[in-house]
Each structure stands twice: as C-alpha cells, then as structure tokens.
Amino acid sequence: MKLTFPRFAAVVLMLLFCTATAWAQRTVTGTVNDIDGIGLPGVNIIEEGTATGTVTDLDGSYSLRVSSDDAVLIFSYVGFGTQEIVVGSRSTIDVTLEEGTTLDQVVVVGYGTQSKEAVTGAVASVSGAEVSQVTAPNLAQSIQGRLPGVQVTQNGAPGEAPIIQVRGIGSISFGSGPLVVVDGIPEAGSLNTFDGRNIESVTVLKDAASTSIYGSRAANGVLLITTKGGGYNQGLQVNLESTVGTQFTTRRLDLMNADQYRQFADNLGANVARDFNAPINSQTSQTYGETDTDWQDAMFQNGLLTQNTVSISGGSENSRFFTSMGYLLDEGVFRGPEYQRYTLRLNSEHKIAKRLRFGQTLLVANDDRRLEPFLGGRTQILQIIQSLPYQPVFNPDNIGGFSGADQGQDSADPGNPVLASDLLQSNDKVFRLFGTLYAEYELFDGLTLRGTYGANFSSFRNFNRNPIYESTVNSDFNSISESRSLSYSPLYSGQISYRKLIGDHNIDLTLVGELQEFFNNFTFANANQTTNDISVISGGIDPNAGSGSSTRVIQSYLGRINYGYKGKYIAQFSIRRDGSSVFAPGNGTEIFPSGAVAWRISEEGFMADSKISELKVRASYGRVGFSGLGPYSFQSPINNSFGPVFGSGNQPIGSFINALANPELRWELTDMLNIGLDLGLFNNRLQFSAEYYDRQVDNLILNVQLPTSTGVSNTTDNIGSMSNTGVEFQLSYLSPRNRNFTWDISANVSANTNEVSALSTGDEQIFSGANTETTAGFPVTVTQAGAPIGSFFGFQTDGLYQNDAEIRADYPDLTSDELLALGIIPGATRWVDQNDDGTIDASDRVIIGNYLPDFTFGVNFNAEVSGFDFNIFLQGSQGNQVYNATRVLLTKFNRLFNGGVELLDAWTPSNTDTDQPVLQLSDPNQERRTSDRYVEDASYLRLKNITIGYTFPVSTGFLKNIRAYVSAQNLITITDYTGYDPEIGLVQGGLLNTGIDFGQQPIAKSILFGVQVGF
C-alpha cells in the first residue's frame, strides 16, 4: 500500500503521541447545580478564547482539560445566567447557576467545536434528547421538521431511507443528499444502523463557509452526528428504555366492490366470461358471485413497532465510557415488508498521560430488511387497486395456495398482492462495523496534535426467491438469486490545532491531512430449481454467476483559521484541496475556498443600555463540490453479458463497450452566498435567527442517453447549471424557570426556489417518469432551463366535450369517422391546443406542476409540571404538488381492471355534470396521458409526535429515576391530497421521479407506550 503524505502524517502523529514526554496538564472537575442544589444536565462549559468545551452529565457533573491556571471557564445553560470563573490552582470547581439565559453553547462544526456566539456560518443543531423523542428506524425521520433548511421526505416502507435535502436540490444526480459525518468519519453510510438513543447531537452545516471544510463532498450540506461518550468523574449509570406499540393507517381508497365492478364492466361493454355461479375452488360451495374481497383489508395490517435500549455509562478521573445494546422491530402497516435491527455500541476515552488522551468509538450493527415485492413490475398498491373484487385471496387447488385471475374468463390479469407478500422473498441483510481510534497530544499550551484512524466495514447480502406457484401468471421454476458484497473504507487523518487568546485577539487554527479509501468486492449468482424444497442455488439449472471489485480514493489537505477581536468582530477563512480517483488524470483535483465574517453589534458600547441581549449579523461566501460518481465513471466500461440473437442451447457470451468515455468530466461546483442575522431578547429567552442564501451550481453531472447511431447507449457528462435561493427563519422562547411549571416553544420555516439555469443534452430537455400502465407511456417530468428540476410535464385539460357542436368548433376539418377513431366524442376530455395548430400532439405539452414545496415548517412545544411532561411536535409542507399516478388507475378504463367508484360516475348523455370522461374501451382519446387532471395539491400539516409522560418520585438510592410515557406519532394529517399519504418520496427510478405517487406505502400512524428506568 502506497504511503501517501496524509497517511504518513497520521502515523507520525500517532508515534509522537505514544513517545512524547508527559507534560503537566490541568484538569478541572465539579458539579453544576441550580439554586435548589439540583444537578443540571447539559450545561455548556467552555474555556474562554478557545473551542475547548464539554457539557455536564445527568447529575450535573463535568470534567474539562484546561490550558493553564489563568484559564477562564464560562458556564452557560439555557434558562440560566452565564458565569465566568478563573480556574487558578483549583482542581474542583462547583457552580450554582441562577435564572437567566445565554447563547454560549458549544456547537459541533467540521473538525472541532465552537461556541455558538462565535459561529459565522449557517449552522443548526438538535440534541440527542430531541432526536430520541421519535421512535424511528432512521435518524433522518427523527430530525424531520426540526432543522430549518433541511427537508426530509419519508418513503413509507419499513427500513426505506428517507430523502434528505439541505437547501433544495443541489445536484441532478440520484444520491445527491448531504454528506453524513459520524464521529468524524465522512461518508458514514446508511443512517438506519445508528440508534437514535445513542446520539449526543446532530448538527447540519448549510452554507459554503461551514461546509467547505469538507470540500468536494459538501455541495449538498453536511450532517455531523456525534455519539454519546459518558462523562469523567461520573458514577456508574445504567439506563433502560423500552417502547412498544402498534402501527396502523386509517385512510382507504374508495374502490369498487364486486357488484359495482360488474356494473362497470357492463357500462364499459367488456366481455367477462367468468361463470359467477361456479365455486371459487373444489373444496367449497362458495361461488364467485358470492365473493367480495376487500384487497385493502387483505394487505393492510396493524404492525408492531418496538425499540429497546439498555445503556451503561460512567467515568473516573482518567477514563470515561458509554456502551449500549439496542433492538428495533418495525413491522409496518403493509403485509410483507418489515425491518429489524440489533446494535451494540462501545465508546470510551482515556487519559493515558498528563497531556495525552486516547479514545475509540465502535458500532456493531446487524439489520435485516424484507423488501416490498414488485410482482409484474407493479407496486403492491397498484396491484391492490386493480385486483378483482370477486376474486378470492386463496385457492387450495393451486400450487402455492393462492388464487389468480384468468385473462380468458376475466378479461383482466392483475397479480395477487397477498401472494407476492407471502411467497416472494426479497431480503437485504447488513452486518456492519463502524468505529474510530484517535489519540490527542497537547504539545504545549494551545497546540494540540490529533491522529485518527476510522473504519467502516460492511457485509451485505441480498437474497431473492420466486417459488413455483399457480396464479394469474404461473411460475414454473423456483428461481433463486443472491448477491453479496464486502466493503471497507479506512480513514487516515492527522490534525494540528492551535488555539490562543493574545490580549483581545482570539486565534483558532486547524490544519488537516486526510486520506479515505473505499474498497468493494461483490459476487452474484442465480439459478432455477425444479422444486420448492430447495432454497439454494447449488444444483439448479441455467446457473449464472459473476463478480467484480472497485476502488475509490480521496486525498485531502485543508486549513481553517478563526479570528475574533474583543468578542465583537469575527472572521473565518478556510481552504481545502481534494484529489479524487473517480476523475481522469488531470481533472481529479480541485480547491475549495471560503470566507465568513460576523459582527456582534450587541457587544458594542453604544448597545450597553439596550434591552437586546444578542444581535449579530453574518455574511459568508464559499465554494464546495460534488461528484455523485462511482469508480471509473470517466472510462468506457465493458459489458460482458451480450449473447447472439440466433441459435439455441448454450450460447457464448460476448463483450462490448456500452458507454462513451469522457476524460473531460469535472466536479460539480457550488458557489454560495449566505447572509444571516441572530437576535436575542429578554436575556435571550426569546431567540430569532434569519438566513438568506443564493446557491449557484455549475457542471451538473448526468448520465446522458445517446442516439443508437453512436453505437453506445450513454455517457456521463457535465450538462448544465442550476440555482437555489431561499430564506430560513427560526424562533424559540423559553419560559422563566419555575419548579411547578416550565415550558418552551420553537418554530422554523424554510422556503426555497429552484431553477435550472442552463442545460446542454442535445435536445435541451430531460424526460423521466414514463410508465406504460399509469401514464400511457408519456413521461411525467421534464428538466429544462428556466424551470424547476423535475417539473411535471404534460397536457392541460379544459373540461369535457358536452356535444358535437363543441367538438366541431375545435376540429372543423375532421370527419365523424376520424373523430371517432381518435376518441373525440361527447364526454371525452378536451385537451388544450397550446400552439393552435388544430392537432393535439407532443408539442402541446407544458409544465403543469412541481413537487417542490413553497415552504416547509416545524413547531415544537415542551412543558413540565409537577412531574408530568408534555411534548407536541407539528411538521408540514405547503405548496408542494404530487403527480397521483395511483389515481390514473382509479379512473382507468382502457381495459378491465378494478378501479375507483368514480368510474361509475362516467359521463353519459344523462350524466353530464361530472369530470369523469366517457367510457371508451381501449381508450382512443388516451385519457391516461400525463395531464393536469392528476396533479394534486399535497400540502399537509402533520401531528408528528405527541407525548405525555410522568416521572415517579424515587426514594431509594438504588433506583435513580423511573418515567412512563405514552406517545402517538403521525396521528393526524390534514391534507387535501386524495391518495394514501401526501408525503411522496421516491418509489421507482432516480431523483427526477420524485413526487410521483406510483403506489408508495403510506406513513404509519403509531401509538406507543414506553418506560425509562435509571439506576
């Protein structure tokens, strides 16, 4: 392995730490209490003029290394006044805080921490306590609505990762979410494997000045996640928390029952040859005419949701640790898919010399996710809508035991969704090791050397089994496929930090050399078995197998300097140079600079008599990047699965180049301007912040389809530019501390406007979302210059034709037979002829909507009174639209399938007051084409969480606390959207399919009971 400079620097620093002479070190410990002598947890303690700080544990205890006897410690806690204490020769300092508020909180930033008052960029954070208020498999679900500028869109199914966007869409590529950094390791992978109850804080870096320290991977924002670590001089603490409850959904689509469906078939004039007097199987006398299956009831369920965590933490004068074990099970509300996770965490830190400390973090996780089957390429909800109500779920006469439609007798062939959920098997299993080793040595006062080794190892297995069964379409073989991969990503980092207060000048300097590598090996195999008794590939017929590997490397050097003068004038400058192996030689390096300034006006002398507690204005500008590429993207890959189109039997496999190489491929580059304001009133009980940003993205990377005449199908290229502008507001108020009643409230609002500035893909338009069944083959979205990315694109409607006179006015030159062939008859949809050429064709399509919201918001309220605690959290989105492709099926009549009851309200000469078009078998007017008929307002207000808890009085010394609570999640959603759920993420396809409801599982409601016990 090549010993590059970052790796060499990290090794050298480690050796220095282990061989250096131990110098004197000052460690201060103590407790922080309120005026009643009760320990205060979460008090921020920082050394003045530095970024060194800590927080108190649950008992109010703390331990902090200080630079010298002259060090000044600043104690601050929301709801209490600040105290500044000179350390002197003391090793123990106990503090009593009085009522009041402050802004002096420690905020995690890239490669370090800062006091909140010194922050110059756009940074927001939530505590671990807020994260753990929501029981969810994925951390992103827990922070939804809590951070301004961060939009989280859930995808419904258990274990399905939400979409996270920071300040709008920063890239056209799929996977363009923020960089996730956990305990200092970038690209930390899936958030599913992190237990929210082990989280100390989640911080989002939003502007370029804050994110540029991560350079080429930070264009879409950065999520910094810090896990818990225990506390020095903290007694042994054991905490157990168990939550269990049920999940459900109450909304149902209004589908036709058996009698209504048969009436619809008669109205459509379709031939159903099914004998409704025949028994549904040989073992019963029940007939098809007596059967009325509710496929929604057959598929929806009340699923179990439980999360159980036990943690042990503690610390002595020289060591601290935190360890926990957790188990989570999410059965969801849909038959089949579920998610299960086991976690083990062990974090510790040790002072092995007076100026040397060593620590580690470790996560061991194992999760198992059962995926939703896509029988016939359809989601299960699409199958539910189209399944025949007179068809039973089960049929013991069939192999496998499930019924199925018969195209000859039923004139329809929907799949059986219960069969898909019960028989088809598709599982993802992941075993993961994720951790760090670090050592830190204080060479002399203010200068610290740190070396970090991080590792992210995962073993992934996907197993699919499609057994032999008889149904709508028979499965003649037991088809088995399996793929496995091993991935390993080591990180080597060497860091030098210098912090010094020289008179009125505060200097904080950080230098880092870093190398991160990504290794991946994968194998796959599949075969068919002739019996369901075998569930392995070995011995099967038509076997196929393959393997591959990839390597990716990113090498970085970075520097940052923070400067402050008298606590009034603050500046920050950083620069990072990244080199990546995913680009061709000569294009693999880029430099990412940034700068930020802030003025704390409230610290000026002329503000001495003002009632304003804090007033700070901020401005920043910087550049960050994004690649969104896998290894070897600039090269021409060789496809080795090409066989001849003639002959029979065993055929040779050929190889061919299927993509055009592009050695000129470059980084996506994002330049961002940010202007911010922070305001505090009433001794900072009322706090307000506002942000404005302008984000310009250039060199957008996309896999572009090429004409077949080129001999290759695609290439990866830089194809355009895009902009995001927006504002963010956050407001919070903390009531005066009161032993009987205390409350606080916070709210945030974010608004973003997206526009594609330029596009160069040949035809200047990128289409997506086409589906034969739900869109009649028409695309749903377009990405083009001058419009938001992924805008809905289709035909505008102008009601229904009511008579022949209206038709003749639009088509005077067509004969009656020509009009009939086109389906243009009374009751048919009138399409808007945008170019007035007398013909409705592709040139008449226009932008008809967009899934991006006008603004998103969240409101959080907490209260405590006489042992009771109460939390209510509201979250919502306004102005976003959804293309309801499920409604296309509800109103579909080109052939026989079940649908919505609105089909019975179709236009007829005697029923003209309707918006449901006239029924025409085969649909010659293409009523399913993409149109504004299916674009719906999906704004919503959701009661995300409501919790009521009670902490019991404890008299024994063994039992420290016990709290019981009941909570409800997603209990109420107010929306006009007619589908199952207005929160539509990504079900099929890439980023450009976001906001299309192809049948996404709805977000579950849940009622949970929990208990917390501390020893």
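Arg929 lies over the face of the Trp831 ring, 4.5 Å from the ring centre. The charged end of Arg929 also sits over the ring of Phe795, here at 4.8 Å from the centre. A charge counts as sitting over a ring if NZ of Lys or CZ of Arg is within 6 Å of the ring centre and within 35 degrees of the ring normal. The model behind these values is a predicted one, in which local features need pLDDT of at least 70 and side-chain atom pairs count only at pLDDT 80 or more, while totals for chains, interfaces and linings use all residues. Residues are numbered from 1 along each chain as its sequence is written, and side-chain values use heavy atoms, with hydrogens and water left out.

On to rings that meet other rings. A pair of aromatic rings is described by the distance of the centres and the angle of the planes. Rings of Phe, Tyr and Trp (for Trp, the six-membered ring) pair if their centres lie within 6.5 Å; planes under 30 degrees apart count as stacked, over 60 as edge-to-face and the rest as tilted. That rule gives 28 aromatic pairs. One of them is Tyr62 with Phe75, an edge-to-face pair at 5.7 Å centre to centre and with 75 degrees between the planes. Helices (H or I, at least four residues) and strands (E, at least two) are DSSP runs, numbered from the N terminus. Both Tyr62 and Phe75 are buried, where buried means under 20% relative accessible area, exposed over 50% and partly exposed in between (1.4 Å probe, protein chains only).

Phe300 and Tyr980 make a tilted pair, with 5.4 Å between centres and 55 degrees between the planes. This pair bridges 680 residues of sequence: Phe300 is in the loop between helix H6 (295-299) and strand E17 (303-315), and Tyr980 is in the loop between strand E50 (973-975) and strand E51 (1005-1014). Phe300 has a relative accessible area of 8%, so it is buried. Tyr980, at 7% relative accessibility, counts as buried too. Elsewhere, Tyr261, Phe264, Phe276, Tyr288 and Tyr390 come together in one aromatic cluster.

Gln247 belongs to strand E16 (residues 237-248). With a relative accessible area of 6%, Gln247 is buried. Its side chain makes a polar contact of 2.7 Å with the side chain of Asp330. A polar contact is a pair of N or O atoms within 3.5 Å; within protein, one must be able to donate a hydrogen and the other to accept it, and residues adjacent in sequence count only if both atoms are side-chain atoms. Setting aside neighbours within four places in sequence, the residues in contact with Gln247 (heavy atoms within 4.5 Å) include Gln301, Leu305, Val333, Ala1004 and Ser1006.

Now for the strands. Strands of a sheet pair through backbone hydrogen bonds, either parallel or antiparallel. Two strands count as paired if DSSP finds at least two bridges between them. Strand E18 (residues 319-330) runs antiparallel to strand E19 (residues 338-353), with twelve bridges, and Phe322 stands opposite Asn347 in E19. E19 also pairs in the antiparallel sense with strand E20 (residues 356-370), over 15 bridges. There Gln340 has Asp368 of E20 as its bridge partner. E19 and E20 form a hairpin with two residues between them.

Another group of four strands makes an open, antiparallel sheet in the order E38-E39-E40-E43. Strands E38 (766-768) and E43 (846-849) are at the edges with a single partner strand each, so one side of each is left without a neighbour in the sheet. Strand E40 (residues 791-794) runs antiparallel to E43 and is joined to it by three bridges, with Gly794 facing Val846 of E43 as its bridge partner.

A further open sheet of four strands has mixed pairing and the order E10-E14-E15-E13. Its edge strands, E10 (123-127) and E13 (179-182), each pair on one side only. E13 and strand E15 (residues 222-227) run parallel and share four bridges; Val182 stands opposite Ile225 in E15.

Most residues other than glycine have a negative phi, and most peptide bonds are trans. Ser866 is not a glycine but has a positive phi of about 50 degrees. Ser866 is in the loop between strand E44 (855-865) and strand E45 (868-878) and, at 52% relative accessibility, counts as exposed.
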